[in-house]
Protein chains: 2
Amino acid sequence: MQTFKLILEYDGTDFAGWQSQAAGRRTVQGVLEAAIARVCGARRIRLVGAGRTDAGVHAEGQVASVSLATRLLPEELARALNAVLPDDLAVVGLMAMPGAFHARRDAVSKLYRYRIWNGARRSALRARTAYAVPVPLDVAAMREAARALEGTHDFAGFQSTGSSATTTVRTLLRLDVCGAPGDEIAIEVEGTGFLRHMVRALVGTLLEVGSGKRPAESMSVLLAARDRGQAGPTAPARGLTLVRVDYGNPRDPDRLAVPPA
Amino acid sequence: MQTFKLILEYDGTDFAGWQSQAAGRRTVQGVLEAAIARVCGARRIRLVGAGRTDAGVHAEGQVASVSLATRLLPEELARALNAVLPDDLAVVGLMAMPGAFHARRDAVSKLYRYRIWNGARRSALRARTAYAVPVPLDVAAMREAARALEGTHDFAGFQSTGSSATTTVRTLLRLDVCGAPGDEIAIEVEGTGFLRHMVRALVGTLLEVGSGKRPAESMSVLLAARDRGQAGPTAPARGLTLVRVDYGNPRDPDRLAVPPA
């Protein structure tokens, strides 16, 4: 058995998210496991994804780990998988790893990008990958609010109900608002871990700041309230892309190197 | 009756091209005419498109003209149309024009962009809008060949059979190859008029140059041959986008201002 690390790109529009489910829904995990089974002739495949992206969320650099009995070299395996995978799912990197590698447990940080189309008119070519907000946004105010959310905080107010996380303290290494009003705006969020729907709740809150419904300086009060009802709505999945998953030294239990907030 | 100019953006993937056809196929013209009929309560609508894009070809700035009896202001009409149009088709501009305005006859030039994904691996997020060529391309050679195709030439060797054009002489104002090997490469083609499938035949020929199958200096021989069989294949529709249609002074019969080749 050889453990492999796969780097995946997908257009999440036509997937019911990452995770395999009952009742034959099309998931990234399910489609990829079927492709691996076909290429390697294996029967039971246990694929682990670094992040369980929701339905409609895209990826440029999702990471998965899998152990396989195959004689194929990584390069050959990647080519064989890409030959059978559908157009909206591609293996963009594949390498052999030590057997202990685990895509989710060993991840040190993840980078997400949320794309907003801030033009006055709808954009048909961005419909699948950006959220359209036609009213000009106050990007400077969004940046100010973003600064206040960076660092280590209790993000209980930004998680969806039904989460089973034991602690709601998370660290945002970076929360940047790029772009200009009336044009494309990208919110980049890098963190060591995220609660359920946390990125989309952060974006929904920043959008309220950008549209003047909430002052930029209210973020500390919002964090202290720890109340999902007070933060902004969960922004639509279509705007979100998992850009990159970073791995430090996976054997170091104290591996998180968090810069000062 | 008021004549309107519409600027349209669409993801061509799920359209059977611009032009309305028999047998209920989904076309840009058909979907847009149905939306106008619904919004304006009109029955017979004659929409004219500047370029009859093929199935799978996209647009950022297709232009259409239409005459309507409506009391809606251009801004109101645009908003009403965008409210009923599907996600993959949007009105990005709409203005009232003199009655004589005709989107196709008055067009002075058009700009097309052809996107090539030259990475070694497939890109799932570019699958709908770029053509994947995994072998590194010689972009410098493509640029040299492109230079030789600019200007006024007989492009008979670059049109699909079944064309009814009376002359096959056309003028390319600009043919640029942007980008780098292994990355995204964009071929931009601006011209005063194009033969059937001409842009895609130009791209197919430049791709043969880029992959070393044809020398860059063979373009003049190819133009002189006037033989479709000697030029490269028609590149796939998915990579092509109609970026912009330009209108000069529509009343000037001698309106083409062609810079020296």
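**Entry 1: the model.** I am working from a predicted model. I keep that in mind for every value below.

**Entry 2: symmetry.** I started with how the two copies are related. I laid chain B on chain A and got an RMSD of 0.0 Å. I then asked which C-alpha of chain B lies nearest the axis. It belongs to B:Arg128, at 5.4 Å from the axis.

**Entry 3: the contact.** I looked up how many residues each chain brings to the contact. Chain B gives 29 residues and chain A gives 29 residues. I also compared the two sides. Of the interface residues of chain B, 100% are interface residues in chain A as well, so the copies meet through the same surface.

**Entry 4: buried area.** Together, chain B and chain A bury about 2,100 Å². Carbon and sulfur atoms account for 45% of that area.

Entry 5: I searched the interface of chain B and chain A for salt bridges and found 4. In one salt bridge, the side chain of B:Arg121 meets that of A:Glu75, at 3.4 Å from N to O.

**Entry 6: elements on the chain B side.** I listed elements that each supply at least two residues to the side of chain B touching chain A. They are β1 (2-10), β3 (58-68), α2 (74-84) and β4 (89-97). β4(B) gives the most, with 6 residues. By type, I sorted this side into 13 nonpolar, 5 polar and 11 charged residues.

**Entry 7: B:Gly239.** I turned next to a single residue. B:Gly239 sits in the loop between α5 (219-225) and β10 (240-247) of chain B. Is B:Gly239 buried or exposed? Its relative accessibility is 0%, so I count B:Gly239 as buried. Leaving out residues up to four places away in sequence, B:Gly239 touches B:Arg113, B:Tyr114, B:Arg115, B:Thr129, B:Ala130 and B:Tyr131. I also checked B:Gly239 against B:Val57. They are 182 residues apart in sequence, yet their C-alpha atoms are 7.2 Å apart in space.

Methods
Residues are numbered from 1 along each chain as its sequence is written. Chains are lettered from A and ligands numbered from 1 in the order in which they are written. This is a predicted model: local features need pLDDT of at least 70, side-chain atom pairs count only at pLDDT 80 or more; totals for chains, interfaces and linings use all residues. Side-chain values use heavy atoms; hydrogens and water are left out. Copies are superposed by least squares on the C-alpha atoms of residues with pLDDT of at least 70 in both. Contact means heavy atoms within 4.5 Å. Helices (H or I, at least four residues) and strands (E, at least two) are DSSP runs, numbered from the N terminus. Buried means under 20% relative accessible area, exposed over 50%, partly exposed in between (1.4 Å probe, protein chains only). Buried area is the accessible area (1.4 Å probe) that two parts lose on being put together, summed over both. Ala, Val, Leu, Ile, Met, Phe, Trp, Tyr, Cys and Pro count as nonpolar, Asp, Glu, Lys and Arg as charged, and the others, Gly among them, as polar.
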